[in-house]
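Please look at the sequence and the structure before reading on.

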Amino acid sequence: MTRTLLRGGTVIDGTGAPPRPDTPVLLEEDRIVAVGAEGVAAVVAGGPAPDEVDVTGLTVMPGIIDSHCHSTLGEPASNDELFHHRDPAGAALMAAFNVRKLLLAGVTSFLDPDGLFNIGPALRDAIEAGMVEGPTMRAGGWALMTAVGGTAGRMIPESGTAGYAEVVRDRDEMITATRRQIKQGADVIKIHVTGSVPTKRGELQVWTLDELRTVCDTAHDLGVRVVAHCRGAGATRDAARAGVDIIFHASYMDEAALEAIHEAGSSLCPVFTFLANLAEHGAKAGSTSAVQDVFRREMEDTGRMMRRAYDEGVPLLAGSESGFSLTPYGHWHYREMEIFVEHLGLTPLEALTTGTKNGAIALDQVGEVGTIEAGLRADVLVLDGDPSRDVSLLGDRRRFRHLWCRGKEVDLSGPWPERRPLPGEKLATWSAVPLTWDLVHP
Ligand SMILES: [Zn+2]
């Protein structure tokens with residue numbers, strides 16, 4: 001039996017309670033078995049002496065839970081790359097390589113709502129089986145879309161699957177696809193309630209309330225939750241009315257939408273990180289200012305209602321949308337908590353609960369992970385610094401001293417995983433602008 005005693009550290013338990021200095025934490029196998037001097041003494045008295053780790057002056061907190069991370073996408077810079085430059089075997093190997101970066105960034109669990117070629121459930125099982133080193137994963141399969149498209153316009157085919165999309169054209173196909181995905185191991189069913197069409201501004205609602213109900217009822221009957229991408233007030237409202245469990249983005253949420261969310265008991269995961277990275281740092285990565293403005297406005301407009309929802313008790317989840325070139329793996333998983341402080345006015349301690357305790361809602365593992373409490377899984381991060389004063393510290397991996405995931409200590413000492421590009425992985429362009437006669441003869 002492995003017993004490890006963390007001694008002398010300040011515990012931030014993830015419940016929103018203030019930090020507790022000099023609080024010992026005892027781990028046994030894959031569990032936290034005691035927190036605090038009294039509890040630890042009682043357990044230690046009845047068994048073998050634990051290995052002691054001196055964490056004096058350090059913070060002991062739950063591992064980060066990312067409620068929205070696409071582990072199989074491989075950091076594409078565009079939909080063209082994502083939909084036309086990936087193949088199933090290569091994407092699976094790449095995902096196995098990338099999930100280790102999440103661990104090194106302090107992430108001990110994540111929800112992958114949808115991904116390429118239905119790789120998610122197999123990757124989850126490979127991690128569970130000890131074949132791939134990574135955080136505990138909960139995974140969806142393909143994202144369900146109507147043929148109008150969803151986030152990728154004309155790249156979405158008329159039927160069948162492409163990339164992370166599965167097109168469902170009518171209610172029969174919605175039921176069939178939902179049942180098949182569940183048979184194939186999906187932990188959640190993901191719906192793209194809104195989608196972009198090249199000739200239209202913004203995203204359109206491409207599912208009816210009735211269609212949404214069809215998927216929710218089919219999934220719920222089989223004990224599986226439904227999550228949904230909603231960029232628009234009407235979509236958010238209808239998703240909640242249909243019974244969607246977790247609503248991503250909820251952009252421009254209005255009164256009716258918030259009311260429906262209350263009634264349904266849905267959780268909100270705004271996933272501002274992608275927008276904020278683009279709006280605030282996109283210029284450094286070569287994004288255009290027009291795109292930056294669109295996302296800045298969306299974040300400001302949505303932020304006000306999101307804060308209200310939080311004040312009224314709707315669970316707020318921290319999801320990073322990691323997996324794209326603007327949100328590469330292992331860099332921004334903490335960032336949503338930072339945005340909640342900066343843009344929603346949460347205290348750092350409140351923000352920490354969204355990326356720890358509330359993350360258990362995303363995983364459907366409430367009472368199993370997310371806090372430092374006796375009986376919960378030993379997912380524990382030890383770092384130098386006080387994130388209850390500044391959550392941004394969680395972005396600096398150099399501060400991490402120890403990490404346990406499912407009770408196993410992760411080696412944080414090695415170099416960051418680097419790789420060379422795979423053949424055919426990136427878009428190859430002939431030129432950035434047309435080579436006109438005028439360009440050559442200024
Ligand atoms: Zn996403």
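Two residues are said to be in contact if their C-beta atoms, placed from the backbone, lie within 7 Å. In this predicted model, 68% of the contacts between residues at least 6 apart in sequence join residues at least 24 apart.

The secondary structure of the protein consists of 14 helices and 20 strands. Some values for the whole protein are listed below.

| Property | Value |
|---|---|
| Box filled by the C-alpha atoms, along the principal axes | roughly 75 × 55 × 40 Å |
| Radius of gyration | 22 Å |
| Buried share of the 442 residues | 52% |

A compact globule with 442 residues would have a radius of gyration near 22 Å, so the value of the protein agrees with that expectation.

The domain assignment divides the protein into domain 1 (3-62 + 375-409) and domain 2 (64-333). Their C-alpha centres are 32 Å apart. Where the domains touch, domain 1 supplies 8 residues and domain 2 supplies 9 residues. On the domain 1 side, strand 19 (residues 400-405) gives the most, with 3 residues. By class, this side has 5 nonpolar and 3 charged residues, but no polar ones.

The largest nonpolar core contains 130 residues. Among the residues with the most contacts inside the core are Val-25, Val-60 and Val-244. Leaving aside residues up to four places away in sequence, Val-244 touches Leu-212, Cys-216, Val-226, Val-227, Ala-228, Ala-239 and Ser-266.

Notes:
Residues are numbered from 1 along each chain as its sequence is written. This is a predicted model: local features need pLDDT of at least 70, side-chain atom pairs count only at pLDDT 80 or more; totals for chains, interfaces and linings use all residues. Domain bounds come from an automatic or database domain assignment. Helices (H or I, at least four residues) and strands (E, at least two) are DSSP runs, numbered from the N terminus. Ala, Val, Leu, Ile, Met, Phe, Trp, Tyr, Cys and Pro count as nonpolar, Asp, Glu, Lys and Arg as charged, and the others, Gly among them, as polar. A nonpolar core is a set of buried Ala, Val, Leu, Ile, Met, Phe, Trp, Tyr and Cys residues joined through C-beta atoms within 7 Å. A residue is buried if 20 or more other C-beta atoms lie within 10 Å of its own, exposed if 12 or fewer, and partly exposed in between; C-beta atoms are placed from the backbone. The radius of gyration is taken over C-alpha atoms; the globule rule is 2.2 Å times the number of residues to the power 0.38.
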